Amino acid sequence: MNQRYRILVVDDESNNRQLLNDILEDEFTVYEASNGLACLEQVAIHHPDLILLDIMMPDMDGFETCRELKNRNSSKHIPVVFVTALDERTEAVEGFRIGAADYIVKPFTKSELTSRVRAILNGQNRSLDITSTKIINQDNLDDVQTLLCELSVAIARSIDRLQLDCEKN
């Protein structure tokens, strides 16, 4: 039997969790958490393959939650994708710096979200990580991470513009 990927959606807004669930439920098994602490509990119970994580949450924000996930042996391998309304380069850079696999800005299209989730789950981004690790030494890692973050944000915005152009035509 073909096992479905498990995705944990973490957002303090129930409408946002429901939207993500509606988009993903046909293809993935979706679990939900309403805050950072609940996320950590759900990870221990469901062992998700990917986490979609909001940044702006009370008590334990998404950055702190991601740091905690990446500090735990049991969850450090789980890709974290920030899904947020924060459209600032500094937040995206911080997200990638602490270990995020991707950074998606709200609002997003269904095709954008599912394409990016599939790409991460299928390991298409892992080859870049392996190649980068072999080539880059520790002295310039921060510069390279910043550059990669900026490129990721620029690519995401280009995809958004192309999708909008396609939808207009």
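Mentor: The open sheet contains 5 strands in the order 2-1-3-4-5, and the pairing is parallel. Strands (E, at least two residues) and helices (H or I, at least four) are DSSP runs numbered from the N terminus, and two strands pair if DSSP finds at least two bridges between them. The edges are taken by strand 2 (29–33) and strand 5; each has a single partner strand, so one side of each is left without a neighbour in the sheet. Direction ignored, neighbouring strands of this sheet are turned by 20° against each other on average (axes are lines fitted to C-alpha atoms, for helices over the stretch in contact, and angles run from 0 to 180 degrees between N-to-C directions).

The model is predicted, so local features need pLDDT of at least 70 and side-chain atom pairs count only at pLDDT 80 or more, while totals for chains, interfaces and linings use all residues. Residues are numbered from 1 along each chain as its sequence is written, and side-chain values use heavy atoms, with hydrogens and water left out.

Strand 3 (residues 50–53) is covered on both faces: Leu 50 and Leu 52 are buried on one side, and Ile 51 and Leu 53 are buried on the other. Buried here means under 20% relative accessible area, exposed over 50%, and partly exposed in between (1.4 Å probe, protein chains only). Strand 1 (residues 6–10) is joined to strand 3 by 4 bridges, and the two run parallel; here Val 10 stands opposite Leu 53. Strand 3 is also joined to strand 4 (residues 80–84), by 3 bridges and again in parallel. Leu 53 has Phe 82 as its bridge partner in strand 4. Between these two strands the chain passes through helix 3 (residues 62–71), and this β-α-β crossover is right-handed, that is, clockwise from the first strand over the helix to the second when the strands point away from the viewer.

What ties helix 3 to strand 4? There are 2 aromatic pairs, counted for rings of Phe, Tyr and Trp (its six-membered ring) with centres within 6.5 Å; planes under 30 degrees apart are stacked, over 60 edge-to-face, and the rest tilted. One of them joins Phe 63 and Phe 82 edge-to-face, at 5.4 Å centre to centre and with 70° between the planes. Since Phe 63 belongs to helix 3 and Phe 82 to strand 4, the pair ties together parts that are 19 residues apart in sequence. Phe 63 is buried, with 11% relative accessibility, and Phe 82 is buried with 0%. Ring pairs also bring in Tyr 103, giving a cluster of Phe 63, Phe 82 and Tyr 103.

Towards strand 5 (residues 102–105) the focus moves to Asp 102, which is part of that strand. Strand 4 and strand 5 run parallel and share 4 bridges; in one instance, Val 83 has Ile 104 as its bridge partner. Asp 102 is an acidic residue that counts as buried because its relative accessible area is 10%. Its side chain makes a polar contact of 2.9 Å with the side chain of Arg 116 (a pair of N or O atoms within 3.5 Å; within protein, one must be able to donate a hydrogen and the other to accept it, and residues adjacent in sequence count only if both atoms are side-chain atoms). Leaving aside residues up to four places away in sequence, Asp 102 touches Val 80, Val 81, Phe 82, Phe 96, Arg 116 and Ile 120, where contact means heavy atoms within 4.5 Å.

The helices lie across several strands. Helix 5 (residues 110–121) lies across strand 1, strand 3, strand 4 and strand 5, at about 175° to strand 5. Helix 1 (residues 14–24) lies across strand 1, strand 2 and strand 3, at about 170° to strand 2.

The loops remain. Asp 59, in the loop between strand 3 and helix 3, is exposed at 82% relative accessibility. For this non-glycine residue, Asp 59, phi is positive, near 65°.
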